[in-house]
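Here are my notes on the model you sent over. Have it open while you read, and go through the points in order.

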Amino acid sequence: MINYGKQSIDEDDISAVVEVLKSDFLTQGPRVLEFEKALAAYVGAEYAVVVSNGTAALHLAVNALDIPEGYEGLTVPNTFAASANCFLYNRLTPGFADIDRRTYCMDPAELEKRITPQYRRWLPFPPAARQNGSHRRYC
Ligand SMILES: Cc1ncc(COP(=O)(O)O)c(C=O)c1O
């Protein structure tokens, strides 16, 4: 698992980035395919596709769910704009279910209140929940 609030970047990581910066390929270079293959192998998947940022990843993840236009997707209010925008990018309506004040994660009771016939998916991103070691992420 990648810790959200305490990343680990060592000299090898920095050297790898500098190597790419000095190469002919800043985008779509051979390192992308190399990384996708390594990631797929690591998670035991046949394929992996990497994108440039979290916003693009959420856009594609929701798109892959193939939810018909007009449905609603739920997320929490204490998250990135991308968590709601990924629904808009896919012609879905974003909605919000409030968090549990103890965990900073989506409150299951609030989620149940928000479930309507237009409900299809919820995205439980709780960025604040990982900042404090006393809170366990359960979403
Ligand atoms: C849950 C979540 N959503 C969206 C984003 C936005 O990602 P980016 O700024 O890379 O587009 C982040 C970034 O860390 C994130 O953690």
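1. Start with the core. The largest nonpolar core has seven residues: Leu74, Val76, Ala97, Ile99, Tyr104, Cys105 and Met106. A nonpolar core here is a set of buried Ala, Val, Leu, Ile, Met, Phe, Trp, Tyr and Cys residues joined through C-beta atoms within 7 Å. Buried means 20 or more other C-beta atoms within 10 Å of the residue's own, exposed means 12 or fewer, partly exposed is in between, and C-beta atoms are placed from the backbone. There's also a second, separate core of six residues, including Ala84, Cys86, Phe87 and Leu92. In soluble globular proteins, nonpolar side chains tend to be buried together.

2. Some housekeeping. This is a predicted model, where local features need pLDDT of at least 70 and side-chain atom pairs count only at pLDDT 80 or more, while totals for chains, interfaces and linings use all residues. Residues are numbered from 1 along each chain as its sequence is written.

3. The overall layout: five helices and three strands, running α-α-α-β-α-β-α-β from the N terminus. These are DSSP runs numbered from the N terminus (helices are H or I, at least four residues; strands are E, at least two). Of the 139 residues in the chain, 15% are buried.

4. Now look at α3 (residues 54–64) against α4 (residues 81–89): they pack at about 45°, axes 8 Å apart. Axes are lines fitted to C-alpha atoms, for helices over the stretch in contact, and angles run from 0 to 180 degrees between N-to-C directions. The pair is therefore oblique (under 35 degrees is roughly parallel, over 145 roughly antiparallel, 65 to 115 roughly perpendicular, and the rest oblique).

5. Who touches whom there? On the α3 side you'll find Gly54, Thr55, Leu58, His59 and Val62, meeting Ala82, Ser83, Asn85, Cys86, Phe87 and Tyr89 of α4. Contact means C-beta atoms, placed from the backbone, within 7 Å. Cys86 and Phe87 also turn up in the second core.

6. Two backbone spots deserve a look. Most residues other than glycine have a negative phi. Gln28, however, has a positive phi, near 60°, and sits in the loop between α1 (11–21) and α2 (30–43). With 8 C-beta neighbours inside 10 Å, Gln28 counts as exposed.

7. The other spot is Asp66, whose phi is positive too, near 55°. Its place is the loop between α3 and β1 (72–75).

Technical notes:
Two residues are in contact if their C-beta atoms, placed from the backbone, lie within 7 Å.
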